[in-house]
Structures are given as structure tokens and as C-alpha cells.
Amino acid sequence: MKALRACAAPWGPGWCLVLLLSAGTAHAQEAPALRPHRLVLEGGVVWSGGYAIGDVDARLRRNATGSTPPPFTLFSASSDLSRAASVSARIGFTLTPSLAIEGGGSFGMPRVGYAISQDPEVGAQQIDGEQLTQYFVDGALVWHLPMRLGSRVRPLVVGGGGYLRQLHEARTLAETGQVFYGGVGARYWIRGGLGTARSFGVRGDVRANLRRGGIDFEDQARVFPTVAVHLFLSL
């Protein structure tokens with residue numbers, strides 16, 4: 001009531017603006033946050049989307065006299081890396097309640113697949129290739145946006161990159177590369193987040209990844225999505 005009377009007074013509009021700004025500041029301070037200068041431990045699962053890794057044509061030389069004839073395509077093959085789930089572990093350090101650095105690694109076993117086409121004898125067919133052993137180690141910067149979604153959820157933006165190592169099925173040959181990524185997500189506090197000593201919850205994010213190197217039959221950069229879900233504990 002006092003606030004309403006102040007707004008009704010001749011000098012009221014100025015006081016109303018002050019009251020609204022103060023209320024907005026208090027509302028922003030209620031957004032859940034990680035405590036600064038604390039370790040954050042995470043563990044969970046990362047789902048990776050599949051992507052193409054190259055096409056190749058099997059060609060035969062034609063028998064002809066005179067000028068060299070164009071080759072005959074026996075069949076065409078396209079290859080891809082299958083969708084796969086990886087286990088993941090991460091450790092971070094909060095520089096401020098909104099900004100954190102982190103690093104971690106993941107382990108998965110995607111499979112190489114082949115699609116055969118333009119084969120006059122057997123037609124189109126799908127072939128399961130070898131299963132790979134894949135390791136990824138990375139570092140990232142996480143920024144928690146200055147807003148909240150409800151009383152326990154705060155959105156975030158993440159960006160980073162790291163080292164990729166892929167082993168062929170016999171583990172006698174390894175391919176290495178780099179992956180750079182950026183994405184958005186959110187952190188949900190099950191406990192804490194408002195200044196308590198420890199907090200616990202769930203974090204999820206969706207990323208766009210750019211892969212260079214690794215197993216590829218055309219030596220090209222590849223783009224693929226990932227979805228990650230982690231449990232986190234802020235010490």
C-alpha cells in the first residue's frame with residue numbers, strides 16, 4: 001500500500017522506477033548459481049549423431065581400341081559413422097557464479113557403415129563395417145546466462161574443443177583429429193544453488209560439432225550434433 005501511495009504522489013513516478021529496478025535486481029539475484037572458486041564434478045552420457053565419412057566408386061577399365069574410353073562403374077559405396085552413445089566425465093572450476101572453465105573426456109564405440117548402390121548384380125545393400133574405439137578429451141568455457149527459467153533452472157552457453165583419437169577394430173591403427181563445438185543448454189538444481197555450501201543437479205546441452213581429421217575417406221571437415229546429459233556436484 002505504501003508503494004502504491006508513493007506512486008500516486010507528485011514525485012511518485014521517480015520512486016516507482018526505483019522500486020521496479022530494485023525488485024528486478026532482487027529477482028535476478030534469486031536465480032540459482034554455482035558458488036565461485038569451487039570445483040564442479042560431472043558424469044553422464046553423450047549421444048552423438050551419425051555423419052558421412054566419404055564416397056568411393058569401384059571402376060573398371062573398358063576394353064577398346066583407339067582412344068581411351070571412360071571407365072565403367074562397377075558399383076558405388078558411401079560410408080558413414082553411426083550414431084553412438086559415449087560415457088563422459090568432467091571437472092570444472094567456477095571463476096564467478098556465471099562463468100566456469102571445465103575439461104573432461106568421453107569414451108564410445110561407434111560403427112562404420114557402408115551403403116552399396118549401382119551394383120547390377122545384387123542391387124542396393126547396407127553393410128555393417130568395423131566397430132571403432134573412440135576417445136575424446138576436451139576443454140571448454142561455460143557461461144550461465146543472467147536469467148532463469150523457473151526457480152531451479154538457469155540456461156547456459158558452452159564452447160570448446162579437444163583431441164579425438166579413433167582406433168580401428170583390430171586396434172593396430174589409430175587416427176587422430178580435433179573437434180570444436182558450441183552449444184546451448186541448461187542446469188537444473190535438485191539441491192542448493194542459492195548460496196549453499198554444496199549443490200547437486202542435472203545439466204543438459206545440445207552442441208554443433210566440427211570435426212577435423214580422424215577416420216575419413218575424403219579427408220574433409222565434418223559437422224555433426226551431440227546431446228549431453230550429466231549429473232553435477234558443486235563442492
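Is R203 buried or exposed in this structure? R203 is buried, with a relative accessible area of 1%, where buried stands for under 20% relative accessible area, exposed for over 50%, and partly exposed for what lies in between (1.4 Å probe, protein chains only). The structure is a predicted model, in which local features need pLDDT of at least 70 and side-chain atom pairs count only at pLDDT 80 or more, while totals for chains, interfaces and linings use all residues. Residues are numbered from 1 along each chain as its sequence is written, and side-chain values use heavy atoms, with hydrogens and water left out.

The overall layout comes first. The protein contains 2 helices and 12 strands, taken as DSSP runs (H or I of at least four residues for helices, E of at least two for strands) and numbered from the N terminus. Read from the N terminus on, the order of elements is α-α-β-β-β-β-β-β-β-β-β-β-β-β. Of the 235 residues in the protein, 34% are buried. Among contacts (heavy atoms within 4.5 Å) with a separation of 6 or more, 65% are between residues 24 or more positions apart.

With that layout in hand, the charged pairs can be taken in turn. The structure holds 10 salt bridges, each a side-chain nitrogen of Lys or Arg within 4 Å of a carboxyl oxygen of Asp or Glu. In one of these, D138 and R90 meet through their side chains at 2.9 Å, N to O. Because D138 lies in strand β8 (residues 133-144) and R90 in strand β4 (residues 84-94), this pair ties together parts that are 48 residues apart in sequence. Both D138 and R90 are buried.

R203 has a salt bridge of its own, with E102 as the partner and 2.8 Å between the closest N and O atoms. Here too distant parts of the chain are linked, since R203 sits in strand β11 (residues 199-213) and E102 in strand β5 (residues 99-108), 101 residues apart. E102 is buried as well, with a relative accessible area of 11%.

A further salt bridge joins the side chains of R222 and E218 (3.3 Å, N to O). R222 counts as buried at 11% relative accessibility, whereas E218, at 30%, counts as partly exposed. Elsewhere, salt bridges that share partners join E42, R90, E102, D138, R187, R203, D205 and R207 into one network.

D205, a member of that network, is found in strand β11 and is buried, with a relative accessible area of 3%. Its side chain is joined to that of R207 by a polar contact of 3.0 Å; a polar contact is a pair of N or O atoms within 3.5 Å, and within protein one must be able to donate a hydrogen and the other to accept it, with residues adjacent in sequence counting only if both atoms are side-chain atoms. Not counting residues up to four places away in sequence, D205 touches V184, G185, T226, V227 and A228.

Rolling a probe the size of a water molecule over the atoms shows where empty space is left. Across the whole structure, 3 cavities of 30 Å³ or more are found. A cavity is a set of points, on a 1 Å grid over the protein atoms alone, where a 1.4 Å probe fits but cannot get out, and its lining residues have an atom within 4 Å of a point. Grid points are joined across faces, edges and corners, and a volume is the space filled by probe spheres set on the points.

The largest cavity has a volume of about 350 Å³. It is lined by 29 residues, and V46, S106, Q134, F136 and T226 are the closest to its centre. At least two lining residues come from each of β1 (39-48), β4, β5, β8, β9 (153-167), β10 (174-191), β11 and β12 (222-234). The lining has 13 nonpolar, 12 polar and 4 charged residues, with Ala, Val, Leu, Ile, Met, Phe, Trp, Tyr, Cys and Pro counted as nonpolar, Asp, Glu, Lys and Arg as charged, and the others, Gly among them, as polar.

Finally, the loops. H37, in the loop between α2 (12-29) and β1, has a positive phi near 60° and is exposed, with a relative accessible area of 53%. D219 is found in the loop between β11 and β12; its phi is near 55°, and at 69% relative accessibility D219 counts as exposed. E218 is placed in the loop between β11 and β12. E218 and A52 are 166 residues apart in sequence and 9.9 Å apart in space, C-alpha to C-alpha. Leaving aside neighbours within four places in sequence, E218 is in contact with I53, G54 and D55.

Conventions
1 Å grid on protein atoms, 1.4 Å probe; cavity = no way out; pocket = protein on both sides within 12 Å on 5 of 7 lines; lining within 4 Å.
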